[in-house]
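Okay everyone, thanks for coming. I'll walk you through one protein chain today, going from the whole thing down to a single residue.

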Amino acid sequence: HAQGLQVAIDGPASAGKSTVAKIVAQRFSYVYVDTGAMYRTITLVALEAQVDLTNEAQIMNLLQQTQITFRPGEPVQHVFANQTEVTNAIRSETVTNNVSTVAALPQVRSALVKRQQEIAADGGVVMDGRDIGTTVLPNAEVKIFLIASVEQRAERRYLENQAKGITTSLSDLQTEIAERDYKDSHRAVSPLQKAQDAVEIDTTTLTINQVVAKIAQLIDEKLNLTKN
Ligand code: CDP
Ligand code: CDP
């Protein structure tokens, strides 16, 4: 690809995808695309419009009217639905608990997959999600599948909430994460699945820097291969 490699990072909730994807993208001056934020944004828009979350026609109508855009930011990217900033709103518990329902709608998926493919067409992109290596970018040069134990992932979310001043129960978080993993892995259209040619990294006992180093090494190897 003209602008660099396509790097796909998939895995279950709180495996560390967005954190490491963003750092890896910065290191290689690639564009970082958080596809989960796109599913979260249409979920937020649908909740605000008070439409039935299984009414695909209505949700498609809303999606067609919604321009989802990203702008660089620290510590997280800014996300916009048309002119409205939704960076924080898309992380609410309500959105989190409903996003898998909306993300299971086939037409919503194909519309968002198409947008994601357009963004990644020239390469130079790190994209994280659930179906990037399998469906969105099946020819990505680097495919990573991040996993971690559900206990560790709940603990991470717990600490993240605590830092935001939100008190949550660890066991509720475990249940929420396990339920979302189940829904994401069992839906009919492009479920969460490791691509055959993806490299699996278990991040349970790894630091963010260790995960970034492993992925950066895989990218360097591919870049050296394409140079020779
Ligand atoms: O950050 P977290 O792991 O909680 O989730 P996310 O990456 O923000 O994704 C939120 C939800 O969007 C997931 O639980 C999936 O239901 C859906 N999603 C998807 O179906 N396909 C993607 N490529 C990305 C997210
Ligand atoms: O995007 P995804 O839901 O897969 O995970 P994330 O939002 O990047 O990471 C969830 C939390 O785990 C964040 O607070 C990260 O700082 C933390 N994390 C960690 O403690 N150790 C890692 N190896 C990766 C992430």
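So, how much of this chain is buried? Of its 228 residues, 47% count as buried. Keep in mind that what you see is a predicted model.

Let's stay with the whole chain for a moment. You can pick out 9 helices and 8 strands in the protein chain.

Next, who touches whom? Take the contacts between residues at least 6 apart in sequence: 74% of them join residues at least 24 apart.

Okay, zoom in on strand β6, residues 125-129. Is it covered or open? β6 is mostly covered, with 5 of its 5 residues buried. Here's a bit of background: side chains in a regular strand alternate between the two faces of the sheet. In β6, V125, M127 and G129 point one way, while V126 and D128 point the other way, and all of them are buried.

Which strands pair with β6? One of them is β1, residues 6-10, which runs parallel to β6 and is joined to it by 5 bridges. In that pairing, D10 has G129 as its bridge partner in β6. Another is β2, residues 31-34, also parallel to β6, with 4 bridges joining the two. Here D34 has D128 as its bridge partner in β6.

Last stop: N82. Where does N82 sit? Look in the loop between β4 (78-81) and β5 (84-85). Why do we call N82 partly exposed, rather than buried or exposed? Buried means under 20% relative accessible area and exposed means over 50%; N82 has 33%, so partly exposed is the label.

And its neighbours? Leaving out residues up to four places away in sequence, N82 touches Q65, T66 and Q67. As for T35, 47 residues from N82 along the chain, the C-alpha atoms of the two are separated by 17 Å.

Conventions
Residues numbered from 1 in each chain as written. Chains lettered and ligands numbered in written order. Predicted model: local features only at pLDDT ≥ 70, side-chain atom pairs only at ≥ 80, totals over all residues. Heavy atoms only, no water. Buried < 20%, exposed > 50% of the residue type's maximum accessible area, 1.4 Å probe, protein only. Contact = heavy atoms within 4.5 Å. Pairing = 2+ DSSP bridges.
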